[in-house]
Amino acid sequence: MTSPIRVSRRGGDRWTQGHPWIYASDLLNEADGPGLVAVADQRGKPLGTALYSPRSEIRLRLLERDPTVVIDTTWWRRRLEQALARRVGLDTNAYRVVHGEGDGLPSLIIDRYDQWVVAQLLSAGLETERENIVTAIEAVLAPKGILLRNDVGVRRREGLAEGIELVRGSVPDAIEVREGTVRYLAAPWTGQKTGAFLDQRENRLRAGRLMPPGGRGLDCFSYHGSFALHMATRAGSVIALDVSQDALRRAADNAALNGFTNLACREADAFDALREFDRARQRFDVVVVDPPAFAKSKAALPQAIRGYKDVNLHALRLVEPGGWLLSASCSFHLRWPDFLTMLADAARDSGRRVTMVEHLTQPADHAEVLTIPETGYLKAAVLRVD
Ligand code: SAH
């Protein structure tokens, strides 16, 4: 470790107030390169140990408050064990074991898919701890293989290479995931995120319960049939709609895996398809809209809100009176008040009477820490449409 990095009072205050990031502008000196650094206040009083990223505006990410504690494999193993203990009792074989800042391990994502692990190292400081982390994963989770899905843009901003790397054992192309009574195949090597959207697990189960026996369902932005599969457990018919042919090919495989013959795939742009369904007077008992993050930055928010409103307005028009819309947004920059205002605007323009029945969010394995707003991003609503 190089000599301590000293930070301004504003920087130090962020940590005392429960946030692990200190920005470049609050550093009084810099380290020689990425990695673990001791951090001290202006006067030299030790504040703890952090990950240092020389190229990132987020220069320091707090790992350990106790300056006397050494960060080694044992430390990582203990932190992983603690994270795992917080997940006891989840009724699935695929879940997030470490949700970065939400688990006190900034820029680290670890997802377990049955007997395999898919992880992401998302900062230059963290990358220097790779061997310790991989060793700790082996010790705590004993997987048959560990895959790093480091093919994400944020790594470039950290000055790191992007890529997919098998670092231990072997990991298959498809892993069967159990989610309630439904089974689906996650794609760790080629799928989005680490192979599936684990964060919508409980909301998908909710969508299944909304479906009346024999009813009609529409799952827009379906990816590999995710919400549609749960609706298909009860529905007469369900449409899984996505713009990606590859995702829909896997949706069809997933329908077959469950023995569903009531699930049809439709490759289309949701913005057009929702309008076409309306023109064709098609109606559904349950509609799900789970678009990709339209707001990638704060600046993109106004445009994103227009997109969300358009999708929700046209989705509301397709719901049978007395039916349901489950609407989600995974844009961090679209906060709850904006989300609710957008839904209200869509409701007003739809001319329907729309009742908020339930606020849904991300599950506990994607821990949202209140003093770290960036750990929370998923919002969803169950709306009754009369
Ligand atoms: N509901 C899914 C996750 C959806 S992710 C789940 O629970 O697993 C968003 C999906 O929207 C991706 O599969 C992407 O291919 C699709 N998509 C993006 N733009 C689209 C558009 N304009 N029309 C339809 N699908 C779109």
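1. Let's start with helices H9 (residues 270–279) and H10 (residues 301–317), which in this predicted model pack with their axes 9 Å apart and at an angle of about 25 degrees. Angles under 35 degrees count as roughly parallel, so that is the description for H9 and H10. The crossing of H9 with H10 is left-handed.

2. Who makes that contact? From H9 come Phe271, Leu274, Arg275 and Asp278, and H10 brings Gly307, Asp310, Val311, His314, Ala315 and Arg317. Sorted by class, the contact of H9 with H10 holds 4 charged, 4 nonpolar and 2 polar residues.

3. A second pair worth a look is H2 (residues 73–85) with H4 (residues 130–141): their axes lie 8 Å apart, and the packing angle is about 50 degrees. H2 is therefore oblique to H4, and their crossing is right-handed.

4. On the H2 side, the contact uses Thr73, Trp76, Arg77, Leu80, Glu81 and Leu84, while H4 supplies Asn132, Ile133, Thr135, Ala136, Ile137, Ala139, Val140 and Leu141. The contact of H2 with H4 comprises 9 nonpolar, 3 polar and 2 charged residues.

5. Now to the ligand. There are 18 residues around the ligand, and the ones that come nearest are Arg204, Ser226, Asp242, Ala270 and Asp290.

6. Which side chains place a polar atom by a nitrogen atom of the ligand? Asp290 has a side-chain N or O atom 2.7 Å from one, and Asp269 has a polar side-chain atom 3.4 Å from one.

Conventions: Residues numbered from 1 in each chain as written. Predicted model: local features only at pLDDT ≥ 70, side-chain atom pairs only at ≥ 80, totals over all residues. Heavy atoms only, no water. Axes fitted to C-alpha atoms, helices over the stretch in contact; angles between N-to-C directions. Helix = DSSP H or I, 4+ residues; strand = E, 2+ residues; numbered from the N terminus. Parallel < 35°, antiparallel > 145°, perpendicular 65-115°, else oblique. Left-handed = near helix turned anticlockwise from the far one by under 90°. Contact = heavy atoms within 4.5 Å. Nonpolar A, V, L, I, M, F, W, Y, C, P; charged D, E, K, R; others polar. Near = heavy atom within 4 Å. Polar contact = N/O pair within 3.5 Å; in protein donor to acceptor, adjacent residues only side chain to side chain.
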